[in-house]
Amino acid sequence: MVREGITSLTQRLLLSFLLIAACETGSSQVHYSLPEEAKHGTFVGRIAQDLGLELEELVPRLFRVASKGRGDLLEVNLQNGILFVNSRIDREELCGRSAECSIHLEVIVDRPLQVFHVEVEVKDINDNPPVFSVSEQKLSIYESRLGDISCKGIKNVAV
C-alpha cells in the first residue's frame, strides 16, 4: 500500500516536471516577414533580443539555428544577434504556387536547454505578370435589355 502511494506520487511529480519543461521549451515564438527575392545580407530581425537572450551568452550557450528544409537561406550573426538572409530567397522555388510561404526555424540554446520556434514569412512581390485566358473580351449591353441581362451563368441582373 505504501509502495503504491510512493510510485503514484513519483509518477505525478515526473509528469508535472515534464509538463513544465515542455511548456518552457516551446513557449516562445517569434514571427518575421520579408519580401521574396531578398538578397544576401538583408536584415530580417534582432532574433537574440526578440527571444530575450543576451548577446554575450550566445556563444557560451551554444546558440544555433536549425531549419526545416533548406538551412542555408538564413543565418544569425553571433556578435550582434541579428538574423539575416544568407542566400537569395526565391518564393516560387521554396513554396511553388502555395498562397502562404514560410521558413520554419528552431533556435536552440544550452545551459539550460531552451528551444524557440521562429517563423519567417516570405511575402510575394508580384513579379509575375497576370495571365488571362483571352486578351480581350467584348461585352455589348443594349439599353432595351438592361432589365434582363444573361451572361454565362448570370441571369436577371438589374443595373
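The legends below accompany several close-up views of a predicted model.

**View 1**
The protein chain has 159 residues, of which 25% count as buried. Among the contacts in the protein chain with a separation of 6 or more, 57% are accounted for by residues 24 or more positions apart.

**View 1. The largest nonpolar core and the residue I47.**
The largest nonpolar core holds 26 residues, and those that touch the most other members are I47, L74, L83 and V120. At least two residues of this core come from each of the following elements: β1 (29-35), α2 (47-50), β4 (74-77), β5 (82-85), β6 (102-109) and β7 (114-123). With residues up to four places away in sequence not counted, I47 touches Y32, F63, V76, G81, L83, V107 and V118. As general background, nonpolar side chains in soluble globular proteins tend to be buried together.

Leaving out residues up to four places away in sequence, I103 touches S67, L73, L74, I89, L94, V118, E119, V120 and V122. Of these partners, L74 and V120 are also among the core residues that touch the most other members. A further residue to look for in this view is G69, which lies 34 residues from I103 along the chain, with the C-alpha atoms of the two separated by 8.0 Å.

Rolling a probe the size of a water molecule over the atoms shows where empty space is left. A search of the whole structure finds 1 cavity of 30 Å³ or more, and the space that lies in the largest cavity is about 30 Å³. The residues that line the largest cavity are R70, L73, R88, I89, D90, E93 and L94. By type, this lining divides into 3 nonpolar, no polar and 4 charged residues.

**View 2. The disulfide between C95 and C101.**
The structure holds 1 disulfide, which is formed by C95 and C101, with their sulfur atoms 2.0 Å apart. The torsion about the S-S bond of C95 and C101 is about 70 degrees, and the disulfide is therefore right-handed. The two cysteines fall into separate accessibility classes: C95 is partly exposed, with a relative accessible area of 21%, whereas C101 is buried, with a relative accessible area of 2%.

**View 3. D124 in the loop between β7 and β8.**
The loop between β7 and β8 (149-151) is where D124 is found. Here D124 is partly exposed, with a relative accessible area of 39%. Once its neighbours within four places in sequence are left aside, D124 is in contact with E36, R91 and E92. The view can also take in E100, which is 24 residues from D124 along the chain, the C-alpha atoms of D124 and E100 being separated by 9.0 Å.

Most residues other than glycine have a negative phi, and most peptide bonds are trans. In the model, the peptide bond from R111 to P112 is cis, with omega near -5 degrees. Both residues have their place in the loop between β6 and β7. Phi of R111 is near 55 degrees, a positive value in a residue other than glycine, and R111 is exposed, with a relative accessible area of 60%. A positive phi, near 55 degrees, is also found at L62, another residue other than glycine. L62 is placed in the loop between α2 and β3 (64-67), where L62 counts as partly exposed at 42% relative accessibility.

Conventions. Residues are numbered from 1 along each chain as its sequence is written. This is a predicted model: local features need pLDDT of at least 70, side-chain atom pairs count only at pLDDT 80 or more; totals for chains, interfaces and linings use all residues. Side-chain values use heavy atoms; hydrogens and water are left out. A nonpolar core is a set of buried Ala, Val, Leu, Ile, Met, Phe, Trp, Tyr and Cys residues joined through side-chain atoms within 4.5 Å. Buried means under 20% relative accessible area, exposed over 50%, partly exposed in between (1.4 Å probe, protein chains only). Helices (H or I, at least four residues) and strands (E, at least two) are DSSP runs, numbered from the N terminus. Contact means heavy atoms within 4.5 Å. On a 1 Å grid over the protein atoms alone, a cavity is a set of points where a 1.4 Å probe fits but cannot get out, and a pocket is an open set with protein on both sides within 12 Å along at least five of seven lines; lining residues have an atom within 4 Å of a point. Grid points are joined across faces, edges and corners, and a volume is the space filled by probe spheres set on the points. Ala, Val, Leu, Ile, Met, Phe, Trp, Tyr, Cys and Pro count as nonpolar, Asp, Glu, Lys and Arg as charged, and the others, Gly among them, as polar. A disulfide is a pair of cysteine sulfur atoms within 2.5 Å.
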